[in-house]
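Have a look at the sequence and the model first, and then read on.

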Amino acid sequence: MNRYPTRKINIGNVEIGGDAPISVQSMTFSKTKDIKETLEQINRLYFAGADIVRVAVLDEEDAKALKKIKEKSPLPIVADIHFNYRLGIMAAEVVDALRINPGNIGGKERVREIVKVCKERKIPIRIGVNLGSLESHLENKYGKTPKAMVESALWHIKFLEDLDFFDIKVSLKASDVIRTVEAYRMLRPLVDYPFHLGVTEAGTKFHATIKSAAAFGALLLDGIGDTIRVSITGELEEEIKVGRAILQDLGLRKGVNIISCPTCGRIEVDLPPIVEAVEEATKDIEIPLTLSIMGCVVNAIGEAKEADLAIACGRGHGLILKKGEIIGKYKEDELLPKFLEEIEKIKEQNGC
Ligand code: SF4
């Protein structure tokens with residue numbers, strides 16, 4: 001698929017836009033002034049595979065905590081600020097990017113002061129339009145529609161461009177898939193800034209996963225989107241796991257693709273525990289690897305031909321195939337260890 005040609009920006013050491021890999025980010029839910037807890041959550045996100053983390057800055061204590069958090073964070077930090085330009089300046093002096101909406105920070109002169117620091121430190125600003133907090137004049141004119149979101153984004157973008165600032169990223173989040181997708185599609189041809197994709201307030205793990213996969217799938221397959229966040233109520237690692245999986249399943253991030261059958265009356269082995277164990281054992285592999293684990297030979301041989309490594313089960317036993325070639329026949333209880341052994345060999349061959 002062809003990605004929309006966006007300009008490239010940097011958040012710390014992470015490139016966003018242009019030909020940069022699509023990054024995955026999340027947000028801590030600690031009080032940022034609680035440095036220990038915030039760093040703990042940042043580390044959890046880091047080990048889950050996040051590329052960037054955002055923290056909320058509500059008051060001066062939060063803003064003062066940013067320096068220590070930044071010093072110890074393994075991830076680039078984005079500070080999320082509303083209304084208070086002083087907090088914007090304090091944060092801009094320390095972090096790797098800001099998320100503000102320039103139109104709600106108290107006038108052009110105040111935004112100019114924030115922008116001055118961002119320019120000096122070469123850090124970008126994300127304009128984060130959210131359907132739940134649209135400017136009232138736009139909501140009155142267009143209602144809660146994608147058109148209103150796009151007008152809002154253009155208004156905020158112009159605010160920064162008028163200050164000669166172009167280090168911009170944009171998000172347009174609604175809490176439903178359709179308005180989110182429509183808004184991003186509508187804005188995409190009008191600007192070349194990179195887009196941060198998100199369905200906001202997407203709900204619990206179950207629904208947030210589905211909404212995000214549906215929205216990001218539609219957009220990313222259209223070549224729209226440069227960084228993503230899956231918003232899940234009360235989850236940290238899961239946001240990253242789902243985000244990375246969406247990218248992998250769209251072929252936009254290297255990783256393991258597991259093909260496994262849903263099972264049916266033909267099955268003669270206990271397949272689900274084998275698939276779950278393989279998924280767990282391979283979740284951190286970052287080389288392209290296709291694994292096929294099938295319950296019987298009906299489709300297994302065909303799938304195995306396209307897989308790096310495959311299992312084709314029979315009655316209480318199974319074949320293991322490498323690139324479509326049978327390398328052995330094993331009893332049911334030997335299948336998983338042997339399969340994992342073969343995966344280890346592939347990892348070693350690829351230097352990981
Ligand atoms: S691979 Fe075999 S066991 Fe699995 S769903 Fe297909 S027919 Fe059923």
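Which strands does helix α7 lie across, and at about what angle does the helix run to β8? Helix α7 (residues 177–187) lies across β8 and β9, and its direction makes about 145° with β8. Please keep in mind that this is a predicted model, in which local features need pLDDT of at least 70 and side-chain atom pairs count only at pLDDT 80 or more, while totals for chains, interfaces and linings use all residues. Residues are numbered from 1 along each chain as its sequence is written.

**The chain as a whole**

The chain has 12 helices and 15 strands; these are DSSP runs numbered from the N terminus, helices being H or I with at least four residues and strands E with at least two. The C-alpha trace spans about 75 × 45 × 30 Å along its principal axes. Of the 352 residues, 42% count as buried, a term that asks for 20 or more other C-beta atoms within 10 Å of a residue's own, with C-beta atoms placed from the backbone. Among contacts with a separation of 6 or more, 62% are between residues 24 or more positions apart; a contact here is a pair of C-beta atoms, placed from the backbone, within 7 Å.

**The eight-stranded sheet**

Eight strands build an open sheet with parallel pairing, in the order β8-β7-β6-β5-β4-β3-β10-β9. Two strands count as paired if DSSP finds at least two bridges between them. The edges belong to β8 (168–173) and β9 (196–199), each with a single partner strand, so one side of each has no neighbour in the sheet. From one strand to the next, the twist averages 25°; such angles run from 0 to 180 degrees between the N-to-C directions of lines fitted to C-alpha atoms, for helices over the stretch in contact.

Within this sheet, Ala 79 has Leu 98 in β6 as its bridge partner. Helix α8 (residues 205–221) also packs on the sheet, where it touches β9 and β10 (227–230) and makes about 140° with the direction of β9.

**The five-stranded sheet**

A further open sheet has five strands in the order β11-β12-β13-β14-β15, with mixed pairing. Here β11 (256–260) and β15 are the edge strands, each with a single partner, so one side of each is left without a neighbour in the sheet. Neighbouring strands are turned by 15° against each other on average, direction ignored. β14 and β15 form a hairpin with two residues between them, and Lys 323 in the turn has a positive phi of about 50°.

| Strand pair | Direction | Bridges |
|---|---|---|
| β5 (residues 77–80) and β6 (residues 97–99) | parallel | three |
| β12 (residues 289–294) and β13 (residues 309–313) | parallel | four |
| β14 (residues 317–322) and β15 (residues 325–331) | antiparallel | six |

In β13, Leu 309 is the bridge partner of Leu 291, while Leu 319 stands opposite Lys 329 in β15.

**Cores**

In soluble globular proteins, nonpolar side chains tend to be buried together. A nonpolar core means a set of buried Ala, Val, Leu, Ile, Met, Phe, Trp, Tyr and Cys residues joined through C-beta atoms within 7 Å. The largest one has 73 residues, and those with the most contacts inside it are Ala 79, Ala 91, Leu 98, Met 149, Ala 153 and Val 170. Helix α6 (residues 146–161) gives the largest share of this core, six residues. A second, separate core of 23 residues includes Leu 271, Val 275, Leu 291 and Ala 310.

Not counting residues up to four places away in sequence, Met 149 touches Val 129, Leu 131, Leu 134, Leu 172, Ala 174 and Ala 183. In helix α3 (residues 85–92), the buried residues are Leu 87, Gly 88, Met 90, Ala 91 and Ala 92. Their cover includes α2 (60–72), β5, β6 and α4 (108–121).

**A buried arginine**

Arg 188 is found in the loop between α7 and β9. Is Arg 188 buried or exposed? Arg 188 is buried, because 21 other C-beta atoms lie within 10 Å. Leaving aside neighbours within four places in sequence, Arg 188 is in contact with Tyr 4 and Ile 224.

Terms used
Buried ≥ 20, exposed ≤ 12 C-beta atoms within 10 Å, placed from the backbone. Contact = placed C-beta atoms within 7 Å.
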